[in-house]
Amino acid sequence: MHNFTPFSALFGGLLIGLSASAMLLLDGKIAGISGILAGVLKPVKGDTLWRICFLAGLLAGGLLLRIVLPGAFAFGIIRPFPILIGAGLLVGFGTRLGSGCTSGHGVCGVSRLSPRSLVATGTFITTGAIVVYLVNHLMGNAL
Amino acid sequence: MKASLTSFVSGIVFALGLGISGMTRPIKVIGFLDFFGAWDASLAFVMLGAIAVYAMAYRWCRTMPSPLLAPDFALPKRSDLDAKLILGSMLFGAGWGLGGFCPGPALTSVAAGALPVIIFVAAMCAGMYLHSWVSSSGATTSDWVVVAPQGTQDA
């Protein structure tokens with residue numbers, strides 16, 4: 001196992017949990033990023049401002065990272081544009097059809113022991129692993 | 001308005017968590033999903049940390065009549081498993097494995113100004129529009145039920 005970084009991963013995870021907890025306890029909202037974004041793309045009156053504020057916070061946090069931790073954007077692997085477009089379409093469509101992503105299902109839902117989120121999280125990790133296996137091992141990382 | 005400020009600050013903390021944990025780096029994500037190669041288990045610790053905190057917050061919220069800055073909790077209350085959930089999660093997982101980005105890290109990484117990430121995010125938004133176009137049910141919010149519907153959401 002190389003590049004194993006359990007401590008920074010755990011610390012980052014604690015911050016993610018803290019942020020999602022604040023959204024729950026203060027605003028009563030689930031910090032599911034795909035759902036928050038979808039609600040901005042198709043706005044519902046009276047339910048949009050908090051979403052825009054959260055997404056603006058993500059961007060502001062990203063700008064902060066650029067200054068204090070530029071290594072956060074050392075992507076390491078960047079697929080070619082056609083693959084990224086396909087991946088983006090799958091992520092956008094799939095998270096809406098499945099009602100959530102890594103944050104809404106993987107963190108918030110799993111913490112609540114929601115059966116839907118447990119199944120969704122098991123499914124997207126398994127499918128992701130199958131795709132990585134196909135790409136890295138059967139196709140020899142040819143992308 | 002207080003709730004908007006909370007959302008903004010939470011967004012910042014969320015992004016910092018994603019950046020510090022390695023979630024914004026496809027090489028870490030793809031390394032985590034590569035169970036049959038040089039498996040990088042780091043991202044399991046991201047979930048562990050996040051869930052440890054959030055599970056406590058959730059237990060706490062169950063004892064509260066309402067959130068501190070909003071009239072009510074907006075929590076999903078469905079528990080049925082359906083084909084959409086499974087198929088959607090499969091498609092999402094496939095895209096996640098292909099590109100190495102899920103929605104939060106992708107949006108955060110837009111701040112890095114790299115064209116590939118901007119293209120990924122544009123395609124992700126297109127995928128969301130495509131979904132609302134093909135589904136008659138307008139599924140963006142249909143699964144999210146407002147519990148205790150008195151009062152209005154802060155916005």
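How are H5(A) and H3(B) set relative to each other: parallel, antiparallel, perpendicular or oblique? In this predicted model, the axes of H5(A) and H3(B), residues 42–61 of chain B, cross at roughly 45°. H5(A) and H3(B) are therefore oblique to each other.

**The contact between the chains**
- Chain A puts 111 residues into the contact, and chain B puts in 114 residues.
- On chain A, the elements that give two or more residues to this side are H1 (6–27), H2 (33–41), H3 (49–68), H4, H5 (102–111) and H6 (115–138).
- H1(A) gives the most, with 21 residues.
- By class, the side of chain A that touches chain B holds 65 nonpolar, 37 polar and nine charged residues.

**H5(A) against H3(B)**
- The axes of H5(A) and H3(B) come within 8 Å.
- Their crossing is right-handed.
- H5(A) brings Gly106(A), Val107(A), Cys108(A), Val110(A) and Ser111(A) to the contact.
- H3(B) meets them with Met47(B), Ala50(B), Ile51(B), Tyr54(B), Ala55(B) and Tyr58(B).
- Nine of the residues in this contact are nonpolar, two are polar and none is charged.

**The largest nonpolar core**
- The largest nonpolar core has 84 residues.
- Ala20(A), Leu90(A), Val107(A), Ala50(B) and Phe120(B) touch the most other members.
- H1(A) supplies the largest share of this core, ten residues.

**Val107(A), a residue to look at**
- Val107(A) belongs to the core and also to the contact of H5(A) with H3(B).
- Neighbours within four places in sequence are left aside here.
- In chain A, Val107(A) is in contact with Ile16(A), Gly17(A) and Ala20(A).
- In chain B, Val107(A) is in contact with Met47(B), Ala50(B), Ile51(B) and Tyr54(B).

Definitions and conventions. Residues numbered from 1 in each chain as written. Chains lettered and ligands numbered in written order. Predicted model: local features only at pLDDT ≥ 70, side-chain atom pairs only at ≥ 80, totals over all residues. Contact = placed C-beta atoms within 7 Å. Helix = DSSP H or I, 4+ residues; strand = E, 2+ residues; numbered from the N terminus. Nonpolar A, V, L, I, M, F, W, Y, C, P; charged D, E, K, R; others polar. Core = buried A, V, L, I, M, F, W, Y, C linked by C-beta atoms within 7 Å. Buried ≥ 20, exposed ≤ 12 C-beta atoms within 10 Å, placed from the backbone. Axes fitted to C-alpha atoms, helices over the stretch in contact; angles between N-to-C directions. Parallel < 35°, antiparallel > 145°, perpendicular 65-115°, else oblique. Left-handed = near helix turned anticlockwise from the far one by under 90°.
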